[in-house]
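The sequence and structure come first.

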Amino acid sequence: MSQALKISDLTLPKAHKRSIMNIIGWGILLALLAWSWEGADMRPMALIDDAENMSQFAASFFPPDFTEWEMYLEEIIITIQIAIWGTVLAVVMSVPFGILSSENIVPWWICQPTRRLMDAARAINEMVFAMLFVVAVGLGPFAGVLALWIHTTGILAKLFSEAVEAIDPRPVEGIRATGANALHEVIFGVIPQVLPLWISFSLYRFESNVRSATVLGIVGAGGIGMLLWEYIRGFYYAETAAVILMIVATVSLLDMLSQRLRKMVT
Amino acid sequence: MSAISVQALSKTFSGNAKALKEISLTIEEGEMVALIGASGSGKSTLIRHVAGLVSGDRSSGEIRVHGNLIQRSGRIPRKVRQHRRHIGVVFQQFNLIGRLSVLTNVLMGVLGTAPAFRTIFGIFTKSEKRSALQALERVGIESHADKRADKLSGGQQQRAAIARTIVQGARVILADEPIASLDPASSRKVMDNLSRVNRDDNVTVLVSLHQVDYAIQYCPRTIAMRDGQIVFDGASDKLTPAFLQELYGAESVKLTNEEKQRETFAEAEVKPVNTPETPHGLPVGAQAKTVTPETQFVQ
Ligand SMILES: Nc1ncnc2c1ncn2[C@@H]1O[C@H](COP(=O)(O)OP(=O)(O)OP(=O)(O)O)[C@@H](O)[C@H]1O
Ligand SMILES: [Mg+2]
């Protein structure tokens, strides 16, 4: 009896402290939610009041209208082609930029500016780049490719350089000790170590680029998004439903394929 | 001209730990020298300095390999890349790029001399490949040439690293505990490889070892270190069990595993102190500034 009492005495202060932290944490979360309520125009009652409207809206999507499926397929293929070019160009650029932003390979005065440049490319959403490139090179898929290229380079260069910074330096030193030059060290010492990870990251980015490419068309940068946007704006909901279903099928299929491939390389 | 000359080399790591204290030593061409000492005595640090992979304190003198300046006053000259190709380095482990083939790893030995515009694309000539294969033959693992390097056993990897120094045409091999993680049979093969390269090609070998019996068996001369200083430099057959006990003593206090310590010394004691053929009739330890165990211990 007395022993049990002792143990609970000992654990009490710690448990007490934890519960205070808990209360504070929940308090902060609730305060944030309350603060954001108005700005986010939260009107949960609208869901109930407009229930009839909403169900009518939902019903208008069915049955999906696949009459023009060949055209949808064509646009989906263009979407994938945009993603392929955007990703491959980004991978090619990310190899040098990734290495140039690795602390263990280059001095800080190269590494830091490269990193900031990549941060910028990453911070700006591909849709923003797409709008800019539509102005620069005109409407169409090429603007989409450029947008994906820049944004993805920012992301992949960071992922690539994280892999480079985690390599085992000892075999690289072994190569340095033979009198090899710095480029040799990277080509024979660094890249073989990071290649599986790099491939995996690239495939992963390809998956998300296909998803991004499906909306690029909304700003005129090519692909299925353009069609989707026109159908939604013209209240062609049955066609919209068909397009969305085809996008879902394509994206899931590509995700599966890419996951398979990624398992193979690592 | 000595193969290796080190003058007053000191190294202070950040945190004021003095890893090397005014080390001076000379090793003549064709010698095979063992470097022994307890863990933390500075063996690896010394070897990395001689290889020009790290620089010493500003107060340090010069390090030269075959007369070529590796560093002076703690500065490594830019030209050191050219000189590194005369120095083969074998680390305890992880010398090779695991995902590349054994042959490719051995071919890395030509990077210091072959034209870079070709080698950066991984293009190697027939004769380079032939010499890599021959080197693998010499260390007895030519049948593994096409395997991925990380599929080799530890001992085979070490031998591949030695093959790389052969392809490199290194005049000096620095081996940092090349057998520390190996079983006795593999250890013997690696040491035999080093010994043969030393004897047949007149390559100077400086090898750090944990096992004193290997030092005595394979190396006519031994340099012993403690706390960053050389406390013995002379013929390996002059090493006394009492000295060795002292040398590793500081460590055995920290380790509670006295049994293991005693075992090591017992081995050193019973092994007949046989110096193998002295390479090229070099006066073994002739120039050695011998610090006798006696003088060392009264401090
Ligand atoms: N990079 C480093 N930074 C700080 N201290 C270091 C570094 N490398 C080595 N040291 C210190 O220098 C001393 C000598 O280390 P060194 O690795 O040369 O010993 P060693 O004789 O090779 O030991 P071992 O037999 O365990 O390999 C040790 O006290 C070690 O802690
Ligand atoms: Mg060491």
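Which residue is the bridge partner of Ala34(B) in E9(B)? The partner is Thr222(B).

## Basis of the description

This is a predicted model, in which local features need pLDDT of at least 70 and side-chain atom pairs count only at pLDDT 80 or more, while totals for chains, interfaces and linings use all residues. Residues are numbered from 1 along each chain as its sequence is written, chains are lettered from A and ligands numbered from 1 in the order in which they are written, and side-chain values use heavy atoms, with hydrogens and water left out.

The bridge between Ala34(B) and Thr222(B) belongs to the pairing of strand E3 (residues 32-37) with strand E9 (residues 221-226) of chain B, which is parallel and has 5 bridges. Helices (H or I, at least four residues) and strands (E, at least two) are DSSP runs, numbered from the N terminus; two strands pair if DSSP finds at least two bridges between them.

E3 and E9 sit within an open sheet of 6 strands in chain B, ordered E6-E7-E8-E3-E9-E10, with mixed pairing. Strand E6 (87-90) and strand E10 (229-235) of chain B each have a single partner strand, so one side of each is left without a neighbour in the sheet. On average, neighbouring strands of this sheet are turned by 15° against each other, direction ignored; the axes are lines fitted to C-alpha atoms, for helices over the stretch in contact, and angles run from 0 to 180 degrees between N-to-C directions.

## The antiparallel sheet of chain B

A further open sheet in chain B has 4 strands in the order E2-E1-E4-E5, with antiparallel pairing. Its edge strands are E2 (17-27) and E5 of chain B, each pairing on one side only. Neighbouring strands here are turned by 25° on average, direction ignored.

Strand E1 (residues 4-13) of chain B joins E2(B) through 7 bridges, and Ile4(B) has Ile27(B) as its bridge partner in E2(B). Strand E4 (residues 62-65) and strand E5 (residues 68-72) of chain B run antiparallel and share 4 bridges, with Arg64(B) opposite Leu69(B). The hairpin of E4(B) and E5(B) has 2 residues between the strands, and His66(B) takes a positive phi near 50° there.

## The site of ligand 1

The shell around ligand 1 (residues with a heavy atom within 4 Å of the ligand) includes Phe13(B), Ala38(B), Lys43(B), Glu177(B) and His210(B). By class, the shell has 3 nonpolar, 7 polar and 2 charged residues. Here Ala, Val, Leu, Ile, Met, Phe, Trp, Tyr, Cys and Pro count as nonpolar, Asp, Glu, Lys and Arg as charged, and the others, Gly among them, as polar. Helix H1 (residues 43-50) of chain B gives the most to this shell, with 3 residues.

Oxygen atoms of ligand 1 lie 2.4 Å from a side-chain N or O atom of Thr45(B), 2.6 Å from a polar side-chain atom of Ser44(B) and 3.3 Å from a polar backbone atom of Ser41(B). The protein covers 58% of the 630 Å² of accessible area that ligand 1 has on its own (Shrake-Rupley method, 1.4 Å probe).

## Annotated spans of chain A

An unreviewed UniProt entry lists "domain: ABC transmembrane type-1" for residues 76-258 of chain A; UniProt annotations may be inferred rather than shown by experiment. That span is 84% helix and 0% strand, with its end C-alpha atoms 17 Å apart.

The transmembrane regions listed in the unreviewed entry include residues 186-206 and 235-254 of chain A. Residues 186-206 are 100% helix, with end C-alpha atoms 25 Å apart. Residues 235-254 are 90% helix, and their end C-alpha atoms lie 29 Å apart.

Conventions: A polar contact is a pair of N or O atoms within 3.5 Å; within protein, one must be able to donate a hydrogen and the other to accept it, and residues adjacent in sequence count only if both atoms are side-chain atoms.
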